[in-house]
Every structure is written in C-alpha cells, then in structure tokens.
Amino acid sequence: MHIAIIGTGNVGGALATQWSKTGHQIQLGVKDINQFKGKELLQNDNTRALFITEAAALSEVILLAIPPVAIDDVLPLMGDLTGKVVIDATNSINNQVHGHPTLFHYLAAQTKADLVKCFNSTGFENMLHPIYPTGPLDMFMAGDNQRAKTIAHQLALDCGFGSCIDFGKSDKVELLEKFALCWINLAIMQGIGRGIGWKLVRR
C-alpha cells in the first residue's frame, strides 16, 4: 500500500517506521525535501521524501499527524482528496478548528475523503512498541466510512497492535479524543509515565 505521511514528528515517524517494515511504500509528505523534521526516517526501507502535493497524489492512504492549527497550510497542498483514505491521528485538545469541534469534522466539511480517526489515543512509544508483557495493546478508531475503518484496522495490526476496536461513528470522534486526553492525564499530568497503554479485556 502507498501511504503518505503528512507530519513527520513523533507519531508520524513511528507509524512510518512500523509500516515500512511490513512492506508498505511510505511517502513522507514535506514542504522542503532537503530539510525536514524526521529526516532520519529516510534510512527506513521503502521510504522516500516528496513534496506534500506529490506524496498525496501518489498514495491511496494519507496519515495526518500534524498540529490541527497547521491544516490551513497543509490542506491546499494535498489536492483533491476524493476517494482517498485519510487517517486523522490528531487531537484538537479542546481547541476548535474553524468552528468545528475537531480536525476530523473540519475535514469532513471541506473534503470528500474517506475519513477515519485513528492512532491518536496513545503515545508514539506505544506505536513503536505495542507489545507489553501481558500481550499487545489495542488501538481504537471512529468514523462513518467503513472502507477507511477496514484499512485503519489492518494498518493497526501491521504495527503490532492486538486489534483496532471500533469506537463508533463520527459522533464518537470527540469521545475518542477525550480518550487520548485520559492517556495524557495519566502518563504525563499524573506522572505515571509514558509506558502505559490501553487493552480491552473480555470475560
């Protein structure tokens, strides 16, 4: 699968690294191919840097791992997103995006992409190393588009997560972002540390 990674910081870099290991073709979508955060990712297999417009055009799937406030700079460069699967891995953290509660909702209003919220609910360390002594962590997703969810589910498994649990449709996107805040609260604000993660257990 050809995947464009828009946002090559911790989260985008972790997912680019994991997906490259399983044979996906990774296009790092950047504004300056000679100088960008995460340039070391080019040492991964199946990975190259392209301008955002080219990376998005060549890819079936686009991961957005940017600060939501950066969308005004990025969205015009991504071109026509009709039929593209766009994975929103951002968290708006109680800041609206042009009057919308999350970046996901803004993208839904502005594009015809197949949207899914995923890879936002835990730290990047868990995306690089989702296996704990008790077994693999779970990932979570939300949105209305089943095709996008099917792809997000497979990509979560490709990272090593045990499953990608459906949180619900687009009306649950805000709840999933609150779930991310729960991880941030425990790991950082309460000082437990970033080596914690989510696992749904069943009786």
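**Ground rules**

I am working with a predicted model, in which local features need pLDDT of at least 70 and side-chain atom pairs count only at pLDDT 80 or more, while totals for chains, interfaces and linings use all residues. I number residues from 1 along each chain as its sequence is written, and side-chain values use heavy atoms, with hydrogens and water left out.

**The whole chain**

I began with the secondary structure and found 7 helices and 10 strands; these are DSSP runs numbered from the N terminus, helices being H or I with at least four residues and strands being E with at least two. The radius of gyration is 16 Å, close to the 17 Å that the globule rule gives for 203 residues, so the chain is as compact as a globular protein of that length. (That radius is taken over C-alpha atoms, and the rule is 2.2 Å times the number of residues to the power 0.38.) I also looked up the extent of the C-alpha trace, which spans about 45 × 40 × 30 Å along its principal axes.

Next came burial, and 52% of the 203 residues count as buried. Buried means under 20% relative accessible area, exposed means over 50%, and partly exposed is in between, with a 1.4 Å probe and protein chains only. The chain exposes about 9500 Å², and carbon and sulfur atoms supply 54% of that area; the method is Shrake-Rupley with a 1.4 Å probe, and for residues only the protein chains shown count as cover.

How much of the contact list comes from residues 24 or more positions apart? I found 65% of the contacts with a separation of 6 or more, where contact means heavy atoms within 4.5 Å.

**The largest pocket**

I then turned to the pockets. A pocket is an open set of points on a 1 Å grid over the protein atoms alone, where a 1.4 Å probe fits, with protein on both sides within 12 Å along at least five of seven lines; lining residues have an atom within 4 Å of a point. The largest one has a volume of about 450 Å³, a volume being the space filled by probe spheres set on points joined across faces, edges and corners.

Its lining has 24 residues, and Val11, Ala89, Thr90, Asn91 and Asn120 lie nearest the centre. Which helix gives the most to this lining? I noted H7, with 4 residues; H1 (10–21), H5 (124–128) and H7 (173–189) each supply at least two. By class I have 14 nonpolar, 9 polar and 1 charged residues. Here Ala, Val, Leu, Ile, Met, Phe, Trp, Tyr, Cys and Pro are nonpolar, Asp, Glu, Lys and Arg are charged, and the others, Gly among them, are polar.

**The second largest pocket**

This one holds about 230 Å³. I counted 14 lining residues, with Gly7, Thr8, Gly29, Ile66 and Val74 nearest the centre. Strand E2 (25–30) and helix H3 (71–74) each give at least two residues, and the classes are 7 nonpolar, 4 polar and 3 charged.

I followed up on Val74, which lies in H3 and is buried at 6% relative accessible area. Beyond four places in sequence, Val74 is in contact with Ile6, Leu64 and Ile66.

In H1 I picked Ser20, which is buried at 4%. Beyond four places in sequence, Ser20 is in contact with Ile26, Asn44, Asp45, Asn46 and Thr47. Thr17, also in H1, is buried at 15% and is in contact with Leu41, Asn44 and Leu128, neighbours within four places aside.

Most residues other than glycine have a negative phi. Asn46 is not a glycine, yet has a positive phi of about 55°. Asn46 lies in the loop between E2 and E3 (47–51) and is partly exposed at 33%.

Is Phe119 buried or exposed? I found it buried, at 1%, in the loop between E6 (114–118) and H5.

My last stop was Leu176 in H7, buried at 0%. Leu176 and Ser121 are 55 residues apart in sequence, and 7.0 Å apart in space, C-alpha to C-alpha. Residues up to four places away aside, Leu176 touches Lys117, Asn120, Ser121, Phe140, Met141, Ala142 and Phe167.
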